[in-house]
Amino acid sequence: MQKYDLFINGAWQRPESGEWFDTHNPFTGEPWARIPRGNAADAEKAVAAAHTAFTAGPWSKLTATARGAMLRRLGDLIARDAEKLAATEVRDNGKLYAEMLGQVKYLPQWYYYYGGLADKIEGSVVPIDKDGFFTYTRHEPLGVIVAITPWNSPLLLATLKLAPALAAGNTVVLKPSEFTSASALEFVRLVTEAGFPDGVINVVTGLGGEVGAPLVAHPKVAKIAFTGGEQGGIAAYESAARGLKDMVLELGGKSPNIVFDDAIIDNAVKGAIAGIFAASGQTCIAGSRLLVQDSIYDVFLDKLVAFAKTAKLGDPMHPDTQVGPVTTPAQHKKILDYIAIAKGEGARCVLGGGTPTNSPGPWFVEPTIFAEVTNDMRIAREEVFGPVLSVIRFRDEEEAVAIANDTPYGLAAGIWTENVGRALRVEKQLRAGTVWVNAYRAMSFMMPFGGFKRSGLGRENGIDAIREYLETKSVWINTTGQTANPFVLR
Ligand code: NAD
């Protein structure tokens with residue numbers, strides 16, 4: 001079995017605990033690699049390395065243009081090794097190779113985009129209202145950034161943080177999910193090859209409580225970018241608050257995918273499928289509440305079930321497979337528990353509803369559809385993070401918006417209609433960070449991404465995301481050669 005070490009200060013280091021744990025292939029359920037069990041002592045070493053690289057190392061002396069070039073080189077190396085990195089991700093999280101390869105091949109764009117932005121971060125000369133001063137602002141990096149990621153899209157979610165944070169001139173400690181750490185440890189090999197000085201990018205692995213929490217609490221950490229579940233997110237946010245640190249928080253969702261009766265039905269069926277069965281429903285943006293207008297509800301449901309029935313379950317590495325396993329046994333159990341809850345609540349199971357007969361592996365769940373769900377049921381309110389769809393009826397636009405917004409979350413939403421006015425009216429009323437019209441599950445390095453309400457704080461992607469990793473300094477230069485009355489504010 002492959003055995004990994006931690007990557008700290010440009011070198012592979014054994015965990016201070018002297019312990020490793022297994023990571024499993026979700027398709028077979030078998031362990032395939034040993035991951036170092038980092039702890040507070042490793043967190044200390046990684047933050048110290050990142051802090052030194054930020055304050056004293058060659059990194060802080062590089063021009064922004066040179067930093068940008070390094071980021072672009074890293075992008076090229078990811079493109080070169082995309083197949084290997086994607087296969088590692090599949091072995092760890094069980095998502096389709098086609099999906100992971102698509103994601104990894106897209107990652108260089110983040111490094112090119114933010115690499116290009118690195119030397120375009122301009123301050124401004126302020127035409128100050130007081131005589132005798134020349135005033136300007138500059139935008140400076142914060143210091144050490146801790147990036148914490150979940151298991152569903154490990155390298156993509158790390159990249160959303162690393163690319164802007166590094167472009168801004170910060171240094172980083174990445175803590176990937178304990179279930180999917182291998183791809184980060186493979187990726188980090190490329191960092192030295194791209195020319196990044198020691199300590200600029202460090203990877204420590206281990207459990208959230210054992211190594212994630214000490215990283216968040218560390219006084220030399222300036223900011224935390226966290227993607228994950230609500231429980232871990234809130235724990236990290238509370239700890240960050242005690243240290244007066246800011247956070248970017250990307251949390252869960254219960255996103256509405258709304259189908260009006262004037263939609264192109266076949267397109268909307270595909271959009272509903274993409275929203276919930278792609279990645280076996282293990283995406284934060286899953287369109288797990290499908291809102292369908294009363295007048296087409298039955299016809300739509302029939303078509304949806306007929307299409308979903310054709311989904312091929314199997315080996316995620318196989319090009320014909322459409323639905324793979326879920327990532328962990330705990331997640332498998334959680335999904336089955338939610339299916340039981342939905343049945344108990346009186347939702348009508350019209351497809352799936354359990355582990356498939358002749359299951360291709362131990363951790364598969366059938367694509368499952370519940371009809372006649374009402375928005376007050378737990379299956380409509382809580383994030384399942386699996387291939388389980390709740391179909392909810394609505395009468396008109398007003399009711400669709402009310403149901404869509406009646407959720408603690410606000411990550412994403414879909415609207416299916418051929419009426420432009422309706423699309424614009426409904427989009428404007430939806431409390432969600434991303435709204436797709438006649439599409440679902442599209443993402444770009446250029447488009448801001450993040451949540452309203454309990455789906456998170458701050459934004460990733462787009463030009464503004466680099467501001468998350470910058471601090472503004474205001475500089476006042478006295479041009480008079482004199483000092484004014486020291487007892488009076490100027
Ligand atoms: P999780 O919260 O269990 O773990 C996420 C990461 O946080 C892991 O690396 C974990 O070790 C770490 N962690 C946990 N507790 C911590 C603590 N107290 N201090 C520091 N670190 C801690 O989440 P998960 O189960 O791996 O991922 C699934 C969740 O992620 C879902 O809720 C999903 O919606 C969410 N998610 C959100 C987005 C988004 O962009 N909004 C994207 C993907 C996934």
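What volume does the largest pocket have? In this predicted model, where local features need pLDDT of at least 70 and side-chain atom pairs count only at pLDDT 80 or more, totals for chains, interfaces and linings use all residues. Residues are numbered from 1 along each chain as its sequence is written, and side-chain values use heavy atoms, with hydrogens and water left out.

The largest pocket has a volume of about 1,000 Å³, where a pocket is an open set of points on a 1 Å grid over the protein atoms alone, places where a 1.4 Å probe fits, with protein on both sides within 12 Å along at least five of seven lines. The volume is the space filled by probe spheres set on the points, which are joined across faces, edges and corners.

Its lining, meaning residues with an atom within 4 Å of a point, holds 35 residues, and Phe 226, Gly 228, Gly 229, Glu 230 and Gly 232 lie nearest the centre. Among the elements that give two or more residues to this lining are α10 (208–217) and α14 (329–345), while the largest share, six residues, comes from α11; helices here are DSSP runs of H or I with at least four residues, and strands are runs of E with at least two. By type, the lining divides into 15 nonpolar, 14 polar and six charged residues, with Gly counted as polar and Asp, Glu, Lys and Arg as charged.

Where does the largest pocket lie? Domain 1 (2–251 + 455–474) and domain 2 (256–437), with bounds from an automatic or database domain assignment, both give residues to the lining, so the pocket lies between them.
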